[in-house]
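Thanks for making the time this morning.

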Amino acid sequence: MNWRRWLVLILRVGLAAVFVYAAWSKLRQPWLLFAMAIDAYGVLPEWAVMTLARALPWFELALGLLLLTGFWLRQSAIIASALLVVFFAVMLRSYTKGLQIDCACFGFGEAISLKTLLRDGLLVLSSVALTALAFGRTTPSATPT
Amino acid sequence: MSRLVLLLCCTLSIGGVPSQGSKSAPEIIKSVGVFTAPISIEVFSDFQCPSCKLLYEQTLRPLTDDYVAKGKVYLVHRDFPLPQHAHAREAACYACAAGRIGKYEAACDVLFKRQDSWAADGKVGDTVCGALSPSEAKQVRALVKDPQIVASVDQDIQLGQAAGVRQTPTLVITYKNQRYPISGAVSYDLLRRFIDQLLTK
């Protein structure tokens, strides 16, 4: 159905923009700043914090580009959903524990709040919807016809 | 502790805040290190915030020994009492009052060390004064009523708001006019790596 293809396009490009912007906002700063922001969540050992701080922005960029181009859409939609669910879970954990920390979602200076949780929740829903729509089609394609 | 006091005395003779350009008495009282240090770190903190206690005890102490004492970092404490912490503002005022008689570090130490206690019973004055001699305690109890003390805390809050501070603790690291804000109880090891990276630039 035509509307499904348009919806896939909108979700795909929207999520791609989010991931590319998130990557850019982290890559333009020294990576150790992002490492400190991850460390503030208090969920990972230092070696994992260092690895994640170096790798995650590039991973987000690659994922954003994959979503934008529509290549391996099913796989990239699943990965995006999983990643966003993890982000949402750690943010929710920090919020409920009352940690006064930076979200570090798009650069720095944004504390975890109901607003950031709502935003991430909407992204999770969008990504899950994209995954469902991508699997609902017989052949995933990059553009609507 | 003695090193901190020594550095504070050193600062009192030099003083100032690189990122803000000018200096005033409350800033000098609450700063440690040499004004000309290549890196300045402003710490926006709330005495009632558990993460601030962690940062103070596990990060700022080794930072003072390894970088501030060696003239590489200039450390400025800024009060940013959060509205949800009922006694944080009073604690900031007592720390500033203690700073007026050269006991800022002692007040910080005891406020963070006994955070759970005074946060629960509200006995901020007794906590700070308990770490001082009777004559010093009397002076601090008188000074805390000084409107200038309250004004200095308000000034720090305004500086924080202007710098985009939303939570505590927040560190604003300034190096070569570039500002890097970091929030949370930053681990010393990561902060050390970051400072070293800046210094080798």
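In chain B, among the contacts with a separation of 6 or more, 71% are between residues 24 or more positions apart. The chain has 10 helices and 5 strands, and buried residues make up 50% of its 201 residues.

What you are looking at is a predicted model, so let me turn to confidence. The predictor gives the complex an ipTM of 0.75 and a pTM of 0.79. For chain B the mean pLDDT is 85, with 86% of residues reaching 70 or more. Within that chain, strand β2 (residues 39–45) has the highest confidence, at 95, whereas helix α1 (residues 2–14) has the lowest, at a mean of 42. Over residues 1–23 of chain B the pLDDT stays under 50, and for that stretch the model has 42 contacts beyond four places in sequence.

Now to the interface. Here 20 residues of chain B are in contact with 15 residues of chain A. On the chain B side, the elements that give two or more residues are β5 (178–183) and α10 (188–199), and α10(B) provides the largest share, 6 residues. By class, that side of chain B has 9 nonpolar, 8 polar and 3 charged residues.

Next, helix α4 (residues 88–100) of chain B, which I would ask you to bring into view. Its 13 residues should span 18 Å at 1.5 Å a residue, and the end C-alpha atoms are 19 Å apart, which agrees. Because 12 of those 13 residues are buried, α4(B) is largely enclosed by the rest of the structure; the buried ones include B:R89 and B:E90, along with B:C93 and B:C96.

How is this helix arranged relative to α5(B)? Helix α4(B) packs against helix α5 (residues 104–113) of chain B at an angle of about 150°, with the axes 7 Å apart, and the two are therefore roughly antiparallel to each other. The contact is made by B:A91, B:Y94, B:A95, B:A98 and B:G99 from α4(B), and by B:Y104, B:A106, B:A107, B:C108 and B:L111 from α5(B). By class, this contact has 9 nonpolar residues, 1 polar residue and no charged ones. Just after α4(B), B:G102 takes a positive phi of about 80°.

Finally, some backbone geometry. Most residues other than glycine have a negative phi, and most peptide bonds are trans. A:A104, which is not a glycine, has a positive phi of about 60°; this residue lies in the loop between α4 and α5 of chain A. B:K176 also has a positive phi, near 50°, and sits in the loop between β4 and β5 of chain B. Are these two residues buried or exposed? A:A104 is buried, with 29 other C-beta atoms within 10 Å, whereas B:K176 is exposed, with 8. There is also a cis peptide bond joining B:T168 and B:P169, with omega about -5°, and B:P169 lies in the loop between α9 (147–162) and β4 (170–175) of chain B.

How values were computed. Residues numbered from 1 in each chain as written. Chains lettered and ligands numbered in written order. Predicted model: local features only at pLDDT ≥ 70, side-chain atom pairs only at ≥ 80, totals over all residues. Axes fitted to C-alpha atoms, helices over the stretch in contact; angles between N-to-C directions. Helix = DSSP H or I, 4+ residues; strand = E, 2+ residues; numbered from the N terminus. Parallel < 35°, antiparallel > 145°, perpendicular 65-115°, else oblique. Contact = placed C-beta atoms within 7 Å. Nonpolar A, V, L, I, M, F, W, Y, C, P; charged D, E, K, R; others polar. pLDDT = per-residue confidence, 0-100. Buried ≥ 20, exposed ≤ 12 C-beta atoms within 10 Å, placed from the backbone. Expected span 1.5 Å × (residues − 1).
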